[in-house]
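User: I would like to go through this structure with you. Could we start with the ligand?

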Amino acid sequence: MSDNPVVAVVGATGAVGREMLKTLEQRNFPARQVIALASARSAGSKVLFKDQEITVDELGKDSFKGVDLAIFSAGGATSEKFAPIAVESGCVVVDNSNAWRMDKNVPLVVPEVNPEALDGHRGIIANPNCSTIQMVVVLKPLHDAGTIKRVIVSTYQAVSGSGQKAVDELETQVRNLFSMKEIEPKVYPYQIAFNCLPHIDVFLENDYTMEEMKMVNETKKIMGSDQVRVTATTVRVPVFYGHCESVNIETEKKITPQEARAILSQAPGITVLDNPAEKIYPMPLFAAGEDDTFVGRIREDETIANGLNLWIVADNIRKGAALNTVQISELLVQKNLLRV
Ligand code: A2P
């Protein structure tokens, strides 16, 4: 493609969609034009891009005419229906939903981990689940150094991962609880303010949640290894922005905490914050709005020969969604892969 691409943001009024627009702007993505698409509910409303108001159009089957790249964050059903229509119109899709991630013809990409998976794409590229992205960014350099055999992860996930309505719900519940008003959970099955819900996405037949199985299956696909065994417990906590993960790994070759800190300090997209004596460790409070994935509390698992414990934090809306999508889009431009 000789000209800069025309980019459509699908779900432009949502929590991730707005961050996508912000990220395209901040990273000066070489777009000739950016168009904003959402449901009929928002048609005619405005979103901001480079200090200009863009009018939101209703997503329809003709929305992709003349569009080169569509970045989707409008839920699985919308992606399932409209991503093939976009590809049919000659557009490359980077999709943030769960709809296409495990399709064997669809690359599932974290640019720091498996950029080569983009080569030979067939029009749709999937952006992984937010919890998976921040974990694999840290796991990959350790896997290269010592071959990870097993991962045990527990997550502490912010409400923004469930969209703008969930951010509003937590805020409203906190206000109402302090004002002695009744609260009425809508997004979550129970009150989320001052609570933790060990339930993200639907429960499956094996008693795990879909979110937990996304972490298991997506990690293997991105790392390109069925040998990495992963088990997960995913929990929603009353934090607005920033997912935390307690991650235990067992490796074939021993990696000491000092070696792990040195390896991770050199790895792309990672900041090591690990000085317990100075009370330095990653927290959502400081990770929110940042691009890097933060890792700390690196210590030996003293119950096995080759084990490490890690604490990983990232902004789920940025690295977990919008930023990773834009980084994939940048790679598509650099590699001249913006064609079906
Ligand atoms: P809308 O604002 O018109 O509902 P979030 O994840 O923050 O809830 O945002 C979801 C995004 O996906 C919003 O921009 C929302 O638009 C959009 N969306 C939801 N359903 C559809 C649909 N059926 N068609 C197009 N966009 C949709």
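User: How many residues surround the ligand, and which are the closest?
Analyst: The ligand is surrounded by 15 residues, and the closest are Thr13, Ala15, Ser39, Arg41 and Ser42. A residue counts as near if one of its heavy atoms lies within 4 Å. The model is predicted, so to speak of local features requires pLDDT of at least 70, and side-chain atom pairs count only at pLDDT 80 or more, while totals for chains, interfaces and linings use all residues. Residues are numbered from 1 along each chain as its sequence is written, and side-chain values use heavy atoms, with hydrogens and water left out.

User: Which kinds of residue make up that shell?
Analyst: The shell has five nonpolar residues, nine polar and one charged. Here Asp, Glu, Lys and Arg count as charged, Ala, Val, Leu, Ile, Met, Phe, Trp, Tyr, Cys and Pro as nonpolar, and the others, including Gly, as polar.

User: What lies 2.9 Å from an oxygen atom of the ligand?
Analyst: That is a polar backbone atom of glutamine 164. For glycine 14, a polar backbone atom is 3.1 Å from a ligand oxygen atom. Polar contacts here are pairs of N or O atoms within 3.5 Å.

User: New topic: how many aromatic pairs are there?
Analyst: The structure holds three aromatic pairs, meaning rings of Phe, Tyr or Trp (its six-membered ring) with centres within 6.5 Å.

User: Why is the pair of phenylalanine 64 and phenylalanine 72 called stacked?
Analyst: Their ring centres are 5.9 Å apart and their planes lie at 15 degrees, so the pair is stacked; planes under 30 degrees apart count as stacked, over 60 as edge-to-face and the rest as tilted.

How values were computed. Polar contact = N/O pair within 3.5 Å; in protein donor to acceptor, adjacent residues only side chain to side chain.
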